Amino acid sequence: QEGPGNITSFPLFVDVLNDDYRLAAGSPCINAARSEDLPGDLADLDGDGDVLEPTPQDFSGLARIVGSTVDIGAWEFCPYDVDLDGAVGVLDFIGLLDAWGSPGALDYDQSGAVDTPDMLELLWHWGGC
C-alpha cells in the first residue's frame, strides 16, 4: 500500500517459507524507519525504570537500533550475524576470516577489504547485536 512510511519493493526476508521474517542483507527495510516513531518502553523491557524512553529491544530481545536508525519490522538487521542464527559467535567469526582480504558486506569500515578493524567490530558485538 502506498503512503508515508511504506515501501513498494520486496522486503527481503531471511526465509519466508520457514516463517523467518528477519531482514536479509540488502533489504530496503534496513535503516528505513524513523527512530523517533518507536513507541515508548511502557513495559520497561530493559528493566531500567525508564518507561518514557523508546522501546530498546527488538522482537528477539536484542538492540532495537543497530546502525544509523531503526529498521522497518519487528527485528533489527544485524550485519555481524553472518550465519543468521540470531547471535554473533564463532561461526560468524569464521565467516569473517573466510572473507579476509576481500571487499564486501563484512568490510564494516568500508576500507576496501575485510581486515583487523572489521574483526574487532565483529568481536565488539559478540553475543548479540
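**Pockets**

I began with the lining of the second largest pocket, whose residues divide into nine nonpolar, three polar and four charged. For these classes I counted Ala, Val, Leu, Ile, Met, Phe, Trp, Tyr, Cys and Pro as nonpolar, Asp, Glu, Lys and Arg as charged, and the others, Gly among them, as polar. This is a predicted model, in which local features need pLDDT of at least 70 and side-chain atom pairs count only at pLDDT 80 or more, while totals for chains, interfaces and linings use all residues. My numbering runs from 1 along each chain as its sequence is written, and side-chain values use heavy atoms, with hydrogens and water left out.

The second largest pocket has a volume of about 160 Å³. It is lined by 16 residues, and Arg-22, Glu-76, Cys-78, Asp-81 and Gly-86 are the closest to its centre. A pocket here is an open set of points on a 1 Å grid over the protein atoms alone, where a 1.4 Å probe fits, with protein on both sides within 12 Å along at least five of seven lines; lining residues have an atom within 4 Å of a point. Volume is the space filled by probe spheres set on the points, which are joined across faces, edges and corners.

Next I looked up the largest pocket, at about 240 Å³. I found 13 lining residues, with Phe-77, Pro-79, Ala-105, Leu-106 and Tyr-108 nearest its centre. Its lining divides into nine nonpolar, two polar and two charged residues.

I then went to Ser-27, in the loop between β2 (20–23) and α1. Helices (H or I, at least four residues) and strands (E, at least two) are DSSP runs, numbered from the N terminus. Ser-27 is buried, at 6% relative accessible area; buried means under 20%, with a 1.4 Å probe and protein chains only. Its side chain reaches the backbone nitrogen of Cys-29 at 3.0 Å. Beyond its neighbours within four places in sequence, Ser-27 is in contact (heavy atoms within 4.5 Å) with Pro-11 and Leu-12.

Is Cys-29 buried or exposed? It is buried, with a relative accessible area of 4%. I noted zero disulfides (pairs of cysteine sulfur atoms within 2.5 Å) in the structure. For Cys-29, the nearest cysteine sulfur belongs to Cys-78, 16 Å away.

**Gly-101**

Last, I checked Gly-101, in the loop between α1 (90–98) and α2 (116–124). Gly-101 touches Ala-113 and Val-114, leaving out residues up to four places away in sequence. Gly-101 and Asp-115 are 14 residues apart in sequence, yet 6.1 Å apart in space, C-alpha to C-alpha.

Conventions. Buried < 20%, exposed > 50% of the residue type's maximum accessible area, 1.4 Å probe, protein only. Polar contact = N/O pair within 3.5 Å; in protein donor to acceptor, adjacent residues only side chain to side chain.
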